[in-house]
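Dear colleague,

Here is the structure I promised to pass on.

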Amino acid sequence: MAAWLEEHRGIFVKVARSFARGETEVGELQQEMLFQLWVSLHGFAGDAKPSTWVYRVCLNTALTWRRGTNRRERRFDGDANADLFPAEARSPAESTEQREWLEKLYAALQMLPETERALVLLMLDDLSYREMAEVTGMTENHVGVALTRARRRLAERLKGVTDELR
């Protein structure tokens, strides 16, 4: 299971950094996502791609986690280790400017409504509207409409940032 989780590590990092604030919360959310994946692994029937299923579990966990504080109090022990997924997963090739831009992107993402935030994350990973619909439970048409709205809001929030890049 560790190899499978490592393959989908980027999903954990993106979802956690988009829904949690600060390293402590990111770590807590990653623990909760790992726990929920472990608990629901028996229910993975292989009908969807593993990445689609991981996204669905992680996003649903993040949405639930964000809404309630009592879930944050729960801790678990086991083989799952949140250290596998550091809060600040960066490659050595990333420059300071790229890291700063990523921080601004995550800050802008956190300002979006939760559903739009989830759709933008899925879009950034090049999921099709059909795959986004599978993950979110929306219709493909609703995904398109909501994603258009989310892109507009995100563009507004990043306007000064994208001007800096030119």
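Helix α3 holds both Phe35 and Trp38, three residues apart, or about one turn of the helix; helices here are DSSP runs of H or I with at least four residues, numbered from the N terminus. This is a predicted model, in which local features need pLDDT of at least 70 and side-chain atom pairs count only at pLDDT 80 or more, while totals for chains, interfaces and linings use all residues. Residues are numbered from 1 along each chain as its sequence is written, and side-chain values use heavy atoms, with hydrogens and water left out.

Phe35 is buried at 19% relative accessible area, whereas Trp38 is exposed at 56% (buried is under 20%, exposed over 50%, partly exposed in between, with a 1.4 Å probe and protein chains only). Across the whole structure, the search finds two aromatic pairs (ring centres within 6.5 Å, using the six-membered ring of Trp; planes under 30 degrees apart are stacked, over 60 edge-to-face, the rest tilted). The rings of Phe35 and Trp38 are 6.4 Å apart at their centres with planes at 35°, so this pair is tilted. Phe44 and Trp53 also form a tilted pair, at 5.0 Å between centres and 45° between planes; Phe44 is partly exposed at 24% and Trp53 is buried at 12%.

Besides Phe35, the buried residues of α3 include Val26, Leu29, Met33 and Leu37, and their cover includes α1 (2–7), α2 (9–19) and α4 (50–67), where contact means heavy atoms within 4.5 Å.

Best regards

Conventions
Helices (H or I, at least four residues) and strands (E, at least two) are DSSP runs, numbered from the N terminus.
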